[in-house]
Amino acid sequence: MDINIICACTDLGVHVDGSDLGPLELTKNLDIKKYIINKENIIKSIDKNDLRKNEGSINKFTKETYSCVSNILKSNSFPLLIGGDHSCVIGSALASNDYYKNIGIIWVDAHGDYNTFETTRTGNIHGLPLAAITGYKCDDLTCFITNNHINPKNCVIVGARSIDPWEIGNLIDAGVTIFTTDDVKSEGASNIMSRAISIASTNTSGIHISYDIDVIDPIIAPGVSIPEVNGINEDEAYEIMNEIIKNKDIIKSFDLVEFNPLQDIDDKTKNIALNLLNMFINAKM
Ligand SMILES: [Mn+2]
């Protein structure tokens, strides 16, 4: 299948700078049709009391990614979005859900990304996208593109180890399945991923994968904006990808996000991200 890459160059969803530089850094040597979406040129809000940081610009960005991914799907190509902070995938996941009608989602991430404007303490919108995508109290981030959301019962988080106490209530209330980093370590990455795929694919037309590179331990992958200690190791990161590849026919769209070149050390994170990307591209093409 023909793959099209969307470079989602934004860091407006987090107070740390640099994830907007990730997409071009990762794709500069890739000979694949590429669309580049740049963040609006604004002075980023880092005001502690602003609990809706850069909301207007993020919504503009979402509109652009939504229409870009929709067009790629209509042309029968596969959308591979490279972020950017995790706020950049609202448009890609919902475009895929609208095109295929009813998909599931697997969120590989150290974080839950399931805050709302009521529960967020930082106002960083990269902590809200999964709630928005599954229609949990974040209509302001999605209503201007679609009224359809992904069913939270078909939503699985893999590798979580940093979920805010007020965020966990949202996740339980919505009915999202959570596999923690400890689950991955005790049951094995392949097993957990295969269970995740089974939950996300039940009564759906396919799966959207959102792979946040901060799921990996920051000692081996320091190049992220919000690192969380005690993450999965490199082998586990590839095992997760291999399980995705095994099920590639039901994977309808894919994001790889949160690589931050300004935080990277000796290209450690970049090299792992490139390995993951190449594994997927080679399998899917
Ligand atoms: Mn994330």
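Mentor: Two residues are in contact, or touch, if their C-beta atoms, placed from the backbone, lie within 7 Å. The model is predicted, so local features need pLDDT of at least 70 and side-chain atom pairs count only at pLDDT 80 or more, while totals for chains, interfaces and linings use all residues. Residues are numbered from 1 along each chain as its sequence is written.

Trainee: Which residues does valine 158 touch, not counting residues up to four places away in sequence?

Mentor: Valine 158 belongs to strand β5, which covers residues 155-160 (helices, H or I with at least four residues, and strands, E with at least two, are DSSP runs numbered from the N terminus). With residues up to four places away in sequence left out, the contacts of valine 158 are Ile106, Val108, Phe179, Val184, Ile192, Met193, Ala196 and Ile240.

Trainee: Is valine 158 buried or exposed?

Mentor: The class follows from a count of other C-beta atoms within 10 Å of the residue's own: 20 or more is buried, 12 or fewer is exposed, and in between is partly exposed. Valine 158 has 27 C-beta neighbours inside 10 Å, and therefore it counts as buried.

Trainee: How many residues apart in sequence are isoleucine 3 and leucine 80?

Mentor: Isoleucine 3 sits in strand β1, residues 3-9, and it is partly exposed because 17 other C-beta atoms lie within 10 Å. Beyond four places away in sequence, isoleucine 3 touches several residues, including Ile32, Ser77, Phe78, Leu80 and Met285. From C-alpha to C-alpha, isoleucine 3 and leucine 80 are 6.8 Å apart in space, whereas their separation in sequence is 77 residues.

Trainee: Which residues of α9 make the contact with α8?

Mentor: Helix α8 (residues 234-246) and helix α9 (residues 268-284) pack at about 15 degrees with their axes 10 Å apart, where axes are lines fitted to C-alpha atoms, for helices over the stretch in contact, and angles run from 0 to 180 degrees between N-to-C directions. On the α8 side the contact is made by Glu234, Ala237, Tyr238, Met241 and Ile245, and on the α9 side by Ile272, Leu276, Met279, Phe280 and Ala283.

Trainee: Which residues of α8 make the contact with α7?

Mentor: The axes of α7 (residues 189-201) and α8 come within 8 Å and cross at roughly 35 degrees. Helix α7 contributes Ala189, Ser190, Met193, Ser194 and Ile197, and these meet, on α8, Glu236, Glu239, Ile240 and Glu243.

Trainee: How far apart are the axes of α2 and α3?

Mentor: The contact of these two helices includes Thr62, Tyr66, Val69 and Leu73 of α2, together with Ile90, Leu94, Ala95 and Tyr99 of α3. Helix α2 covers residues 55-74 and helix α3 residues 90-100; they pack at an angle of about 40 degrees, and the distance between their axes is 7 Å.
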